[in-house]
Amino acid sequence: MKKYQHLFFDLDHTLWDYDRNVQESLTELHEVHKLTELGIIDASAFIKAFYNVNFKLWALYDVGKIDRDSLRATRFKLVFENAGVDPMSVPELLEPDFMHRTSSKNYLLPYTIEILDYLKPKYPMHIITNGFNESQAKKLNASGLTPYFDLIITSETTGHKKPDARIFQYALDNLGINNEGAIMIGDNPNSDILGAINAKIDQVYFDPHNKGIELKPTHTIKHLKELEGLL
């Protein structure tokens with residue numbers, strides 16, 4: 001097995017359990033902000049509408065068609081619209097409350113702590129994420145992940161989003177290594193795997209739900225503990 005000097009990890013959906021943390025937050029928000037009274041009948045309808053909208057917005061953000069402020073300003077208006085509710089009735093504090101609650105959640109994907117404990121003595125580890133600085137820092141702190149990682153590299157800091165090779169090059173330059181010295185571990189075929197391919201960095205595709213991938217990653221794993229056999 002090839003020996004690497006540094007490991008790059010994605011955060012959301014790879015280590016931090018995005019779905020569980022977000023769904024719990026949306027359930028709380030539905031109750032706290034009394035969304036039943038505004039026409040969203042239950043938390044499951046709210047969650048479904050959120051999922052219908054949010055990933056489309058992030059896809060636009062990832063290709064530079066909207067910026068952070070636009071995403072946050074329009075997200076819940078579009079969620080309400082998707083749920084068949086007046087978008088102008090969105091409570092003013094819903095978006096900031098969502099950001100605060102979600103970023104404060106600490107659910108991790110299976111084997112996250114076990115594998116990081118295993119890898120920490122062997123490699124310097126770093127995060128490369130398209131998420132926003134403030135929210136990603138809160139997630140890392142809330143979930144106890146901060147001590148495991150040296151560099152936290154965000155698209156907001158670098159001005160480049162995965163799969164742009166420049167966000168990976170920024171990491172390599174900061175560490176003073178070449179592309180053969182690192183490997184990227186992530187769940188997203190486009191941002192993580194294609195991005196690492198663009199930067200000529202080896203990749204581990206994390207595919208817990210057997211979604212498959214058209215690209216040919218260096219390695220594919222179904223659960224994080226499999227990294228023990230690779231690294």
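Student: How many aromatic pairs does a search of the whole structure find?

Tutor: In this predicted model, the search finds twelve aromatic pairs.

Student: How is the geometry of the rings of Y18 and F55 to be described?

Tutor: The angle between the planes decides: under 30 degrees counts as stacked, over 60 as edge-to-face, and the rest as tilted. The planes of Y18 and F55 stand at 50°, with the ring centres 6.0 Å apart, so this pair is tilted. Y18 belongs to helix α1 (residues 18–32) and F55 to helix α3 (residues 43–62), so the pair ties together parts that are 37 residues apart in sequence.

Student: Is Y18 buried or exposed?

Tutor: Buried means under 20% relative accessible area. Y18 has 9% relative accessibility and therefore counts as buried, whereas F55, at 38%, is partly exposed.

Student: Which kind of pair do the rings of W58 and Y61 form?

Tutor: Their planes lie at 75° and their centres 5.1 Å apart, so the pair is edge-to-face. Both residues are in helix α3, three residues apart, which is about one turn of the helix. W58 and Y61 are both buried.

Student: Which residues do ring pairs link into a cluster?

Tutor: The cluster consists of W16, Y18, F46, F50, Y51, F55, F76 and F98.

Student: Where does the charged end of K139 sit?

Tutor: The charged end of K139 is over the ring of W16, 4.3 Å from its centre. R20, in turn, lies over the face of Y107, at 3.6 Å from the ring centre.

Key: Residues numbered from 1 in each chain as written. Predicted model: local features only at pLDDT ≥ 70, side-chain atom pairs only at ≥ 80, totals over all residues. Heavy atoms only, no water. Phe/Tyr/Trp six-rings, centres within 6.5 Å; stacked < 30°, edge-to-face > 60°. Helix = DSSP H or I, 4+ residues; strand = E, 2+ residues; numbered from the N terminus. Buried < 20%, exposed > 50% of the residue type's maximum accessible area, 1.4 Å probe, protein only. Lys NZ or Arg CZ within 6 Å of the ring centre and 35° of its normal.
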